Amino acid sequence: CSTWGFGHFHTFDNFMYDFSGTCNYILASDCRSLTPAFNVQMRRDALGSIQCIVIELPSSTVRVNREGITLDGRNIPLPFFSEGVLIRTFGILVRLEVKPINLIVMWNREDYLTVEVGENFQNRTCGLCGDFNGDPLKSEFEGNLIPFQFANEQQEDDPNEACLPLESAYLCKELLDKVALHCPVDKELYVIRCQQDLCLGPEKGQVQSSCSTLTEYARVCARIAPETVSRWRTASLCTVGHCPENQVYLETGSPCRQTCSRPRFRCPAVYNPGCFCPNGTVLDNISEKSRCVQLEECPCVNNGHKYRAGQRRESRCESCVCLNSRWECKERFCPHTCAVEGGSHVTSFDSHKYRFHGSCTYVLLKDIQLPFIILIWMGCTSDHLLLLRVLLHLDRHGVQVENQKVQHLPLRTEHFVIFNQSSSFLQVDMWPWLTLQLQLQPVLSVYLRAEKKLFGLTKGLCGNFNDNSRDDFKNSMGIREGIASRFVHSWRLRSRCASPRNTDPDPCRWSEADAEYASTHCRALLNKSSVFGQCHGEVNPLSYFKRCLYEVCNYEETQDYLCGALQSYSRACAEKGMVLKNWWNETVHCAVTCPQNQEFMQNGSLCGRTCRSLSPGATCSPSPVLLEGCSCPPGTYLDQLGSCVPPASCPCFEDNRYFPAGSAVQLDGLTCLCSSGVLDCEGSRGLLPQGEEQVYCCSPCASLIPCPDTCLAERGDLLDLMTCESECFCPNGQYEDELLGCVAPEDCSCQQGETFYQANTVLQTECQSCTCRAGRWDCVMRSVCPGTCVQYGEGHFRTFDDRRFVFDGSCAYTLLQDTCDGADQGRFSLESKVVLCETLGPTCSRAVRLTVGDVSIELAGETYTITPPSASANFTVHDNSLYLVVTATIPYSSNKLVLIWNRNMNLIVKLMKSTQMSLCGLCGNFNGKASDDFRLRSGDLTSDAVAFANSWRTDPGCPLVQEQPSPCDTNPQRRAWAHRKCDIIRSPVFEPCHAQVYYLPFYDACVRDACGCALGGDCKCVCNAVAMYAKECLDQGVCVDWRRPDFCPVYCEFYNSHQLAGASYHYTGNGSCSWHYQPC
């Protein structure tokens, strides 16, 4: 329905009439409901311009006038989205869309207003637009009711006015045919409106008065037959003035503009008049000059900085050039870091982050070719597990570092050099391709930096360093584990160490005071206006924030762990080349007071800044990252007492002895004078006797004594490091085996989780076949290993490369496509959008569209639609009561795509990729590297999940998501209910699965979604989250019967065959009944 000019109306039922009243009228309203879904009102002035539009919705009211647009009394910018209401510019129009109820309202800020409603409102509407009953006259104009009488009945007076009814209507007969001569729309009714305009206009008889009707006719023709609309406007006929820059005016332009940001954007053809770019050009929306340019002239953006076409930018790990508005990037190898921080948090070389709770000595890093091993000892203190010691073992030489300063540094041995890199860091140099740094304060942490020489050659808790984060949990026997505890346990050094526990409690739930303290101080990491905000584009702060909460709530040394967590984020930024200056000023708890006359510096390296470093042979290498710490002012050196002194006051060092400056000493029969930290001796000093070497060992080297052979040691190549734990040993030539006792080496059993398998046993998984040989799994990868991407609940994602993020947007988004280089059209694309509830609250379901070539299938409303219907052979659809499974083959390849949709919020995407192809979208690029999954549509890389997801909107006019506050923060009253409902995931019900699938991400997702549910127990939020964890368990071979008649029931038959026995329900029906719900 539309209205234009001096009061022309075109109803829902295709009837035209004229009415030029100036009161407030109901244009269209839902009149068959006690709580109307919408009510659209309007008011014109005497010249025909629309003065005011009011759109009343159940939960809000939108008002439009010459001053702007308000929602419930507050001004709003465009584009705008809230609770299902989307308002944005649409060519020269403004468009309001209420998605849950299929309502669209558009206006041109002058005289034109249109309302579009879905078929669900047939026979439900009233107002100037009629009752939408399919009959142009029935109801509205029955009984010879004339238009102005019908219109006056729709008057909705303002309480402060008394509006008099209009008593006449006017007609005239003249129309200019040059608008669309061959348009199939009948001109007669528009001729009448044009004549009326000529009579009522301010300049009677002038053709300018008919412009509104001519424009409306052009608009209607453009929808039906755009090719019939001519360029009819001239300088003397309905001119619209000049377009900005080099844009041109088109009567039938598409509001879906092609820009430098989206040069190949397409959308359904809805033509409107306006200013557009000439063919072959795009709008430069990056430079913000409204100018049309060739695509090759488009600039690019990186972290808010603009780059001209052809300009290059260099970063630590890639080189990029701006081409055709996209970043074309080439990766180059850069060092990878493995870290153990905050007591028990590990980040592998391939960026896999995990936490574990075990008390033992574990292999942190082991090289396949080189004879070195780095061990960590996790132990208990104050009933909490944390990192206590780090041990380095190289060719039977060992050194141990605890969370206290090591004296007499720098120290050089035949195999490594240890020195103070700063007041808080030790550095161990072994080879140019591996650097070990130990942070001693405020919390003992380990950082290993590996160069390319070690690529693909590492084992242990740091992973295998192959740029594939999906296989980081390969245990010591070569088979992939599903959870961290089983993976870590396989790398233990002592066979009798207890298994790390599978449970992962949230310590912040134990104390509200601790939780409040942690949230208040850790939130600085998320604050975009803080110093940490400068780095959000390089390092995502969310995982560091969660870790900070855990550590501050878990350990008694609250301030130490708070500062340690903040410092960890600062270091991660420094590794990306971004130094966070004076970050410690963000909280008073992390202010550093340096001893004596030392100063705290951003670059606080002590390398070459101590009196000991002046001694001949003292060595230190620069730190790979900038380290803050206490250091001496320029021109001074740190002496043995911790004071900064000039060189002339530095003592001299010999082994572990020191001599005051200016003193003379006898060494090896020579007289030596200490001057500026150097011993000046007459003659030559003696050397160590031949065959002897200086060895430094801080711990009893007895822990490195070889023990009798065991299968456990053989599995991890740890025979030289195992600690003797028994007085009973197997005979020579046999190994002690946990399953069979004493066996020949080739008969050693293999371990998978808590289970041991005899030699020659074969285990089959989705991606590999593994055979037990001599205590180790010999695995062969299958030629095709499917990747899985998941979108579930209120915006939870897991990419093909196992990177998790949360994004709850209101637009349609590209999940996966193969056009990643800017090509016009690819072989396939997969899109997902939310379907909001009619209550304008949370998301009710998800709609999915898969396009393969020219054919598409849409999953929506618990069913599916194939377009065109004749192409149904392109898809294989398996339909059951709970899931729709769609299988399609990607054209020109042997790759298969499988969609598993639960008819609601959960979507699983499986891709069998046997043919190489480029992939991009919210599911990532499926190259094994989680670290580069956040690739923007422009080709740039970001760490910000929101920016990443926003870039994959299918419609660039859809509003950007700015912030994603936690629903449990905005609805704190629901937090306890959410935890109580979601605790089933952590309960004994799912205990058989806890050792296979890490439950915490699913539990956190469940709590988040449950806090956001608007209807409490009536919503499906909790059930969707729990169902996704149950599906992951089933994929690992664990069947969990978790649904109950009183918790997420599925009623598959009229009589539910569960009966209450005690406190729980039990299935009592026939297990072979195909209609009854089965968990697996």
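Biologist: Is Phe-473 buried or exposed?
Modeller: Phe-473 is buried, with 7% relative accessibility; buried means under 20% relative accessible area, exposed over 50%, and partly exposed in between, with a 1.4 Å probe and protein chains only. This is a predicted model, in which local features need pLDDT of at least 70, side-chain atom pairs count only at pLDDT 80 or more, and totals for chains, interfaces and linings use all residues. Residues are numbered from 1 along each chain as its sequence is written, and side-chain values use heavy atoms, leaving out hydrogens and water.

Biologist: How many aromatic pairs are there?
Modeller: The count is 37 aromatic pairs. Rings of Phe, Tyr and Trp (its six-membered ring) pair if their centres lie within 6.5 Å; planes under 30 degrees apart are stacked, over 60 edge-to-face, and the rest tilted. One of the pairs joins Tyr-354 and Phe-473 edge-to-face, at 5.1 Å centre to centre and 85 degrees between the planes.

Biologist: What parts does that pair tie together?
Modeller: Tyr-354 lies in strand 27 (residues 353–355) and Phe-473 in the loop between strand 37 (458–459) and helix 4 (484–490), so the pair ties together parts that are 119 residues apart in sequence. Helices (H or I, at least four residues) and strands (E, at least two) are DSSP runs, numbered from the N terminus. Tyr-354 is buried too, at a relative accessible area of 8%.

Biologist: And which residues do ring pairs link into a cluster?
Modeller: The cluster consists of Phe-532, Tyr-544, Tyr-569, Trp-583, Trp-584 and Phe-600.
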